[in-house]
Amino acid sequence: KEYAEISIKDIDRVANSSFPLCMRHLFDKLREEHHLKHGGRMQLGLFLKGVGLKLDDALAFWRVEFSKKVGTEKFDKEYSYNIRHNYGKEGKRTDYTPYSCQRIITSTPGVGDHHGCPYRHFSEENLRAALSKMGVSSRTADDVMDKVRHRHYQLACTLTFEAIHSCSCDAGINHPNQYFTESQKILQQ
Ligand code: SF4
């Protein structure tokens, strides 16, 4: 892969510049609450693996946050297995792949969950606030909301991408890791 590796020191910078809203939201919530429920850990964890975070860095990344909430010991005992598992280092040693938009959009986050697709699962008010935080103008946000009302969530995400990167994304967004790769391509030009 072309952009095969990011390290833990780059993560805040690339989260800010190149994560789609679904992953930014999880990333922010993890930093804020030092915890994510299972669905969020899977969605963000596999995405980070997909952007090239190595297993050791992934363990360190989750450990720093979770330790603030549950303590290091509990993290090592209860959560690190899951991360190694996602990297195919435990259990059946399946190499799990990151979730597509389709899968994320059709997921059903419950109370206290932060996974899912914000274009599908946020209220209009929360989505507008999140878009504004990403630097999207209110006019573009109106266009985004129009796509959302027609249930074109990936088109809504594509519009956001285009607004943030000031360019057109003809392929459209269909995978969070594709969003990331397209973004990095543009920013590294
Ligand atoms: Fe994430 Fe895809 Fe939703 Fe965009 S459309 S926020 S990449 S799930």
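Leaving out neighbours within four places in sequence, C101 is in contact with C117, Q154, I173, N174, H175 and P176, where contact means that the C-beta atoms of two residues, placed from the backbone, lie within 7 Å. This is a predicted model, in which local features need pLDDT of at least 70 and side-chain atom pairs count only at pLDDT 80 or more, while totals for chains, interfaces and linings use all residues. Residues are numbered from 1 along each chain as its sequence is written.

C101 belongs to helix α6, residues 101–105, whereas C117 sits in the loop between α6 and α7 (118–121); helices here are DSSP runs of H or I with at least four residues, numbered from the N terminus. Besides C101, and again not counting residues up to four places away in sequence, C117 touches C22, I104, I105 and Y153.

According to the UniProt record, an unreviewed entry, the annotation "binding site" covers C22, C101, C117 and C157. These residues are spread over 136 residues of sequence, yet they cluster in space, with a largest C-alpha distance of 10.0 Å. Such annotations may be inferred rather than shown by experiment.

| Residue | C-beta neighbours within 10 Å |
|---|---|
| C117 | 25 C-beta neighbours |
| L53 | 23 C-beta neighbours |

L53 lies in the loop between α3 (38–51) and α4 (55–70), and its contacts beyond four places in sequence are I6, L48, A58 and F61. Although L53 and I6 are 47 residues apart along the chain, their C-alpha atoms are separated by 5.4 Å.

Note on methods. Helix = DSSP H or I, 4+ residues; strand = E, 2+ residues; numbered from the N terminus. Buried ≥ 20, exposed ≤ 12 C-beta atoms within 10 Å, placed from the backbone.
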